[in-house]
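Subject: Structure handover

Hello,

Here is the structure I promised to pass on. Please open it beside this email as you read.

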Amino acid sequence: MNLLSSSQKNIFLADDDFDDRLLFEDALREVAQYTHLTTANDGKQLMDILRETVPPPPDVIFLDLNMPRKNGFECLREIKQTEKLKNIPIIIFSTTSQPDAVDKVYAQGAHFFVSKPGSFQQLKLLIQRILAIDWSQHYTQPSREKFLLVY
């Protein structure tokens with residue numbers, strides 16, 4: 001069992017792209033000393049990890065949409081329908097930015113939608129911005145106009 005200090009953030013990332021997971025981990029390490037990152041390479045693995053480790057819940061989940069075995073839409077729906085998971089902040093972190101996908105995850109209760117950044121510097125800025133959010137004050141979903149985060 002991993003015991004985190006009260007200032008340490010517990011971050012989950014579900015993404016089937018190994019290079020994207022590695023890049024995220026490197027960026028996180030550069031911008032946030034006190035974090036613990038748990039990664040899943042698909043939606044099924046994410047849900048298995050969540051069932052095994054919660055409580056305590058992660059501070060935030062970065063969730064890719066296009067993954068094998070269980071996609072991000074299915075994970076989001078399952079998370080929001082599970083009592084012990086439903087209040088975990090979910091950041092959709094995907095290469096897709098199709099309006100239909102954005103609308104769907106907004107309706108399902110995701111907290112923010114971000115298109116994967118094109119540079120390492122943008123990724124670091126995005127992670128800093130997300131980690132700076134006081135989630136205890138932001139458990140409610142923002143308005144649709146503020147749902148898309150830009151970096």
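Below are notes on its strands, one cysteine and a helix pair.

First, the ground rules. This is a predicted model: local features need pLDDT of at least 70, side-chain atom pairs count only at pLDDT 80 or more, and totals for chains, interfaces and linings use all residues. Residues are numbered from 1 along each chain as its sequence is written, and side-chain values use heavy atoms, with hydrogens and water left out.

Helices (H or I, at least four residues) and strands (E, at least two) are DSSP runs, numbered from the N terminus.

**Strands**

Start with strand S4, residues 90–94. 5 of its 5 residues are buried, so S4 is largely enclosed by the rest of the structure. Buried means under 20% relative accessible area, exposed over 50%, and partly exposed in between (1.4 Å probe, protein chains only). Ile 90, Ile 92 and Ser 94 point one way from S4. Ile 91 and Phe 93 point the other way.

S4 pairs with strand S3 (residues 60–63) in the parallel sense, over 3 bridges. Two strands pair if DSSP finds at least two bridges between them. Ile 61 stands opposite Ile 90 of S4.

Strand S1 (residues 9–14) is mostly covered, with 5 of its 6 residues buried. S1 pairs with strand S2 (residues 35–40), again in the parallel sense, over 6 bridges. Leu 13 stands opposite Thr 39 in S2.

**Cys 75**

Cys 75 is in helix H3, residues 72–81. Is Cys 75 buried or exposed? Its relative accessibility is 0%, so Cys 75 counts as buried. Leaving aside residues up to four places away in sequence, Cys 75 touches Gly 43, Leu 46, Met 47, Leu 63 and Lys 70. Contact means heavy atoms within 4.5 Å. Cys 75 and Val 150 are 75 residues apart in sequence and 23 Å apart in space, C-alpha to C-alpha.

**Helices H1 and H5**

The axes of H1 (residues 18–31) and H5 (residues 120–131) come within 9 Å and cross at roughly 60 degrees. Axes are lines fitted to C-alpha atoms, for helices over the stretch in contact, and angles run from 0 to 180 degrees between N-to-C directions. H1 and H5 are therefore oblique to each other. Angles under 35 degrees count as roughly parallel, over 145 as roughly antiparallel, 65 to 115 as roughly perpendicular and the rest as oblique.

H1 brings Leu 23, Phe 24, Asp 26, Ala 27, Leu 28, Glu 30 and Val 31 to the contact. H5 brings Phe 120, Leu 123, Lys 124, Ile 127, Gln 128 and Leu 131.

Best wishes
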